[in-house]
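Let's walk through this one together, one side-chain contact at a time. Have a look at the fold before reading on.

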Amino acid sequence: MTIDEDDLVAQITQALKVVVDPELGHNIVDLGFIYDVSIDDGAAHITMTATTRGCPAASFLKEGVANSACLVPGVESVDVTMTFEPAWQPSMISPGVRSSLGFAEVN
């Protein structure tokens with residue numbers, strides 16, 4: 001990955017912060033739903049998850065990720081993969097958000 005690609009990945013990750021989980025009320029980046037962002041010749045590849053396989057907001061979140069990433073200058077296409085491996089855990093939430101949601105510290 002080049003420096004420009006690193007910058008583009010950072011911009012994509014920042015853009016994904018506008019996607020908010022409607023049940024938890026926080027953005028999906030801080031909730032730890034984004035497992036990977038990579039870029040290859042202008043094509044963004046994003047791997048994400050949801051809290052559970054049956055999450056009713058999964059399609060909504062996936063669409064929001066694709067739409068938000070697509071708005072970043074330099075991104076020509078977006079591929080979003082939903083995975084449940086590894087399973088999402090509250091320990092994946094950023095510390096500030098985790099405490100605001102009432103999760104106890106996880107070791």
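Is phenylalanine 33 buried or exposed? Phenylalanine 33 is buried, at 0% relative accessibility; here buried means under 20% relative accessible area, exposed over 50%, and partly exposed in between, using a 1.4 Å probe and protein chains only. Keep in mind that this is a predicted model, where local features need pLDDT of at least 70, side-chain atom pairs count only at pLDDT 80 or more, and totals for chains, interfaces and linings use all residues. Residues are numbered from 1 along each chain as its sequence is written, and side-chain values use heavy atoms, with hydrogens and water left out.

So what does that ring pair with? The structure has 1 aromatic pair. The ring centres of phenylalanine 33 and tryptophan 88 sit 5.7 Å apart with their planes at 85°, so this pair is edge-to-face. To pair, rings of Phe, Tyr and Trp (its six-membered ring) need centres within 6.5 Å; planes under 30 degrees apart are stacked, over 60 edge-to-face, and the rest tilted. Tryptophan 88 is buried too, at 11% relative accessibility.

The two partners are 55 residues apart: phenylalanine 33 lies in the loop between helix 1 (3-15) and strand 1 (34-40), tryptophan 88 in the loop between strand 3 and helix 3. Helices (H or I, at least four residues) and strands (E, at least two) are DSSP runs, numbered from the N terminus.

Now for charges. There is 1 salt bridge, meaning a side-chain nitrogen of Lys or Arg within 4 Å of a carboxyl oxygen of Asp or Glu. Arginine 53 makes it with glutamate 85, their closest N and O atoms being 4.0 Å apart. Arginine 53 is exposed at 61%, and glutamate 85 is exposed at 58%.
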